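Please read the following report with the sequence and the coordinates open beside it. It moves from confidence and overall fold to the contact between the chains, and then to single residues.

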Number of protein chains: 2
Amino acid sequence: MSGQARTRRGWTQNPEAVREDILSAAISEFAAHGLSGARVDRIAARTETSKRMIYYYFGDKLGLYSAALETAYAEVRHGEETLDLDRLSPMAALERLVAFTFDHHRSNPDFIRMVMIENIHNAAHLSNSEVIRDLNTTAIDRIAELCRRGAEDGTMRPDVDPVALHWQISALSFFNVSNEPTFSALFGEAFFSDDMQIARRRMVVEAVMLSVGALRPAAPGPS
Amino acid sequence: MSGQARTRRGWTQNPEAVREDILSAAISEFAAHGLSGARVDRIAARTETSKRMIYYYFGDKLGLYSAALETAYAEVRHGEETLDLDRLSPMAALERLVAFTFDHHRSNPDFIRMVMIENIHNAAHLSNSEVIRDLNTTAIDRIAELCRRGAEDGTMRPDVDPVALHWQISALSFFNVSNEPTFSALFGEAFFSDDMQIARRRMVVEAVMLSVGALRPAAPGPS
DNA sequence: ACAAGAATGTACTGGTCGGTTAAATCGCCG
DNA sequence: CGGCGATTTAACCGACCAGTACATTCTTGT
């Protein structure tokens, strides 16, 4: 009867796997073509299953898009969890965080593109997902703790805003991937070679470190 | 014969004006909905004229899109020409350039969105336009000159790469607009209030100034 | 083993939307 | 003023594509 492995199930009819299969195909397709540019038939074609299943599990195109967006966020944010910064000194931790973020963004272009697309749509779908909001809150908490420690031991300015810091790190890391096509069309592809990326990562790390530093050269502004 | 005003022509049948009318409507529509999300009928509706005219002047949707992209670039880059930096000291000029770019991006959201969309499409249409390439080359020239002067009088590091500097300025100014929707959905809209924008502009200016500065605190990196 | 429901395949449809056809109108030149 | 090319209008078409109807197969509880 139950003879063989009932560990889960071995062969046909595995809903979870089907869902994941669809989501992964959906992320590729949406990332490549945008919300309205994406074709449900094309997503189905990339799948082991059929178009019918997409509607069965996700209702409609928008439902699929929302689920794909959530999945993309979850994957990327979970990838950040490996990093543990508490063991490092504040500045070393910051350096590590920035370099990691820079690389992590670069190795997840589909996520970047999903976020770009969501921005085109004014974050209408993101707003409905408290899952995603939670994911990001913890990201901020991590930085806030880092700032606290840095202020405490005097290596960072005490007035650094964690959200602003996160913003700055994101901006530089995100733009590097999001605007590569236009930028390299205008200024040459060499700018995105591996060597150049290493140089730019150093530049980005340095820029962030300098802007939180307690010790600075004279203030630049007038007045 | 030529009796009245032949200044141009006063009433019906003014091809240039029609073209411009269409382009302006197209930029709004494409910026709002993306290339495939944009509806030609909707563009026509925003126009004084009809859909047929769009095809008459621009051939097809893609031709219209390309023209709209070029126009958006031209408008924004021409807006930058007012700025003359040669009269200022290098660092003052840089400060002015960064602050201006930050504001200018913010006041041209449609342009930003067009570029986002073009990036989604891997800059496929931008690549065909040497008009746009020219516009951007002069932008780089301006910065290169600035770097040269800065290196000469010792206020800037001599090894600053003009393209990299342009990249950094663009990244911070661009992201501020492009990712406002998702960022404010995740971290609160207050982050984009006018007050906060002023604070962030200061932060951006400062970050850029620091990273080109000849005088620095101890280098952050290891090794 | 069998009913009941969950999961899946096939074939189709109705609306949407980029693009077109054919004819009218305008302005200019002789 | 008459004809010719540039411009404009209105109605239309055909492909594409999100979503569905319906039949079928698998899984599980009893």
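The report below describes a predicted model and begins with its conventions.

This is a predicted model, in which local features need pLDDT of at least 70 and side-chain atom pairs count only at pLDDT 80 or more, while totals for chains, interfaces and linings use all residues. Residues are numbered from 1 along each chain as its sequence is written, and chains are lettered from A and ligands numbered from 1 in the order in which they are written.

## Confidence and fold

A contact here means that the C-beta atoms of two residues, placed from the backbone, lie within 7 Å. Where pLDDT is low, the predicted coordinates should not be read in detail.

Chain A contains 10 helices and 0 strands, with helices (H or I, at least four residues) and strands (E, at least two) taken as DSSP runs and numbered from the N terminus. Of the contacts in chain A with a separation of 6 or more, 70% join residues 24 or more positions apart. Buried residues make up 37% of the 223 residues in chain A, where a residue is buried if 20 or more other C-beta atoms lie within 10 Å of its own, exposed if 12 or fewer, and partly exposed in between, with C-beta atoms placed from the backbone.

## The two copies and their contact

A rotation of 180° with 0.0 Å of shift along its axis superposes chain B on chain A, with an RMSD of 0.1 Å; the superposition is by least squares on the C-alpha atoms of residues with pLDDT of at least 70 in both copies. The two copies are thus related as by a two-fold rotation axis. The same surface serves both copies, as 100% of the contact residues of chain B recur in chain A.

The contact takes 47 residues from chain B and 47 residues from chain A. On the side of chain B that touches chain A, the elements giving two or more residues are helices H5 (90-106), H6 (109-120), H7 (130-152), H8 (162-178), H9 (180-187) and H10 (194-212) of chain B, and H8(B) gives the most, with 9 residues. By class, that side has 27 nonpolar, 13 polar and 7 charged residues, counting Ala, Val, Leu, Ile, Met, Phe, Trp, Tyr, Cys and Pro as nonpolar, Asp, Glu, Lys and Arg as charged, and the others, Gly among them, as polar.

Not counting residues up to four places away in sequence, Phe30(A) touches Leu35(A), Ala38(A), Tyr65(A), Ala68(A), Met114(A) and Ile117(A).

In chain B, helix H7 has 23 residues and reaches 33 Å from its first C-alpha to its last, close to the 33 Å expected at 1.5 Å a residue, the expected span being 1.5 Å times one less than the number of residues. The buried residues of H7(B) are Ile132(B), Arg142(B), Ile143(B), Leu146(B), Cys147(B) and Gly150(B), and they pack against helix H4 (61-79), H5 and H8 of chain B. H7(B) is followed by Gly154(B), whose phi is positive, near 80°.

Cys147(A) has its place in helix H7 (residues 130-152) of chain A and touches Met156(A), Val160(A), Pro162(A) and Leu165(A), leaving out residues up to four places away in sequence. Ala31(A) lies in helix H1 (residues 15-33) of chain A; beyond four places in sequence, Ala31(A) is in contact with Asp110(A), Arg113(A) and Met114(A).

The table gives C-alpha to C-alpha distances for two pairs.

| Pair | Apart in sequence | Apart in space |
|---|---|---|
| Cys147(A) and Phe192(A) | 45 residues | 31 Å |
| Ala31(A) and Ile112(A) | 81 residues | 8.2 Å |

In the loop between helix H6 (109-120) and H7 of chain A, Asn122(A) has a positive phi near 55° although the residue is other than glycine, and is partly exposed, with 15 other C-beta atoms within 10 Å. Ala123(A), also found in the loop between H6 and H7 of chain A, has a positive phi near 60°, and Ala123(A) counts as buried, with 21 C-beta neighbours inside 10 Å.
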